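User: Hi! Could you walk me through how the labels for this structure were reached?
Analyst: Happy to; here is what we will be looking at.

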Amino acid sequence: MTRFLCHVLFAMIGMALVTPATARELRQGGKLLLTGGVSTVEGSAGGGLATWSLIAGNETDAGIGGTAHATIVALPDFDLRSVGGAVGIRNRVELSYAHQVFNTRQAGAALGLGRNFKFAQDVFGVKVRMVGDAVYDQDKVLPQISVGVQYRRADKAAVIAAVGGKHAQGTDFYLSAAKVVLSKSLVLGGTVRFTKANQFGLLGFGGDKSDRYHAEFEGSAGVLVSRRLLIGAELRTKPDNLGFAREQKAYDAFAAWQFHRHLTVTAAYTDLGDIATFKRQRGGFLSVQASF
């Protein structure tokens with residue numbers, strides 16, 4: 001089933017790339033500021049935690065754009081670091097990659113793994129814009145709608161199996177919609193993700209409680225305070241597959257400041273809930289993104 005869905009997605013990419021570009025008035029040199037989203041911890045364009053249907057990079061359907069990011073999420077007992085990038089092709093197809101390292105710090109010793117034990121994960125993504133344009137279709141109700149797939153490969157298969165995880169690799173599928181309402185300075189997004197991932201995949205996929213795909217929701221709402229500053233909040237639900245520790249929703253409140261045409265910094269207060277029996281993992285999120 002997973003292989004079939006991948007084949008369907010790649011066929012859709014081919015169809016999208018041969019579709020002629022629609023003639024429209026475009027801003028000289030690329031997209032409006034901040035309308036390509038910022039980098040999520042998974043490398044795709046979004047709001048930090050949540051993936052959006054927007055395509056990464058500054059270019060419109062006239063060219064190829066891209067992003068590179070470095071992100072740290074500092075929590076009371078853990079920290080997560082992510083580096084990666086994405087390429088947006090004609091504002092239609094996005095290819096993304098992120099390498100994540102999750103440091104258990106002192107908690108690693110308490111869990112019997114050793115101080116500063118690290119989990120790592122690679123995330124490869126493909127996203128295709130199917131219909132709509134979140135920015136230029138201001139005269140339409142239809143949002144920009146994209147579909148995507150993310151293949152994740154975690155590196156600690158033995159530990160994942162020991163805590164009840166079923167797989168060290170997994171694939172997410174999602175359907176995402178976003179709309180920029182310029183008259184109200186609003187950016188709205190919603191995504192339905194079909195996933196088995198435990199703690200974003202860092203603790204593997206599926207578990208002793210459930211090994212089936214779950215439909216999870218990612219929602220975002222932001223206000224463009226100025227052309228260069230977006231503030232907002234996000235919610236992301238996650239499956240609860242592992243019996244040894246309950247997994248909860250993730251939230252954040254963020255501010256993204258594009259202080260230069262090619263540079264954006266995003267700061268957030270994030271709440272990832274309980275992680276591996278450690279309660280209330282709330283802390284700071286800081287990401288720097290370069291784009292072209």
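**Buried residues and paired rings**

User: Why is Phe78 counted as buried?
Analyst: Phe78 has 1% relative accessibility, and buried means under 20% relative accessible area, with exposed over 50% and partly exposed in between (1.4 Å probe, protein chains only). Phe78 therefore counts as buried. Before we go on, this is a predicted model, in which local features need pLDDT of at least 70 and side-chain atom pairs count only at pLDDT 80 or more, while totals for chains, interfaces and linings use all residues. Residues are numbered from 1 along each chain as its sequence is written, and side-chain values use heavy atoms, leaving out hydrogens and water.

User: Is Phe102 buried or exposed?
Analyst: Buried, because its relative accessible area is 9%.

User: How many aromatic pairs are there by this rule?
Analyst: The count comes to 7. Rings of Phe, Tyr and Trp (its six-membered ring) pair if their centres lie within 6.5 Å; planes under 30 degrees apart are stacked, over 60 edge-to-face, and the rest tilted.

User: Why is the pair of Tyr97 and Phe124 called tilted?
Analyst: The ring centres are 5.1 Å apart and the planes stand at 45°, so the pair is tilted. Tyr97 belongs to S5 and Phe124 to strand S6 (residues 118–131), 27 residues apart. Tyr97, at 30% relative accessibility, is partly exposed, and so is Phe124, at 36%.

User: Which residues form one aromatic cluster?
Analyst: Phe78, Phe102 and Phe278 do.

User: What puts Lys156 over the face of Phe117?
Analyst: Lys156 lies 5.5 Å from the ring centre. The rule asks for NZ of Lys or CZ of Arg within 6 Å of the ring centre and within 35 degrees of the ring normal, so this charge sits over the ring.

User: How do you know that S8 and S9 pair?
Analyst: Two strands pair if DSSP finds at least two bridges between them. S8 and strand S9 (residues 186–195) have 9 bridges, in the antiparallel sense, and Lys179 stands opposite Leu188 in S9.

Notes:
Helix = DSSP H or I, 4+ residues; strand = E, 2+ residues; numbered from the N terminus.
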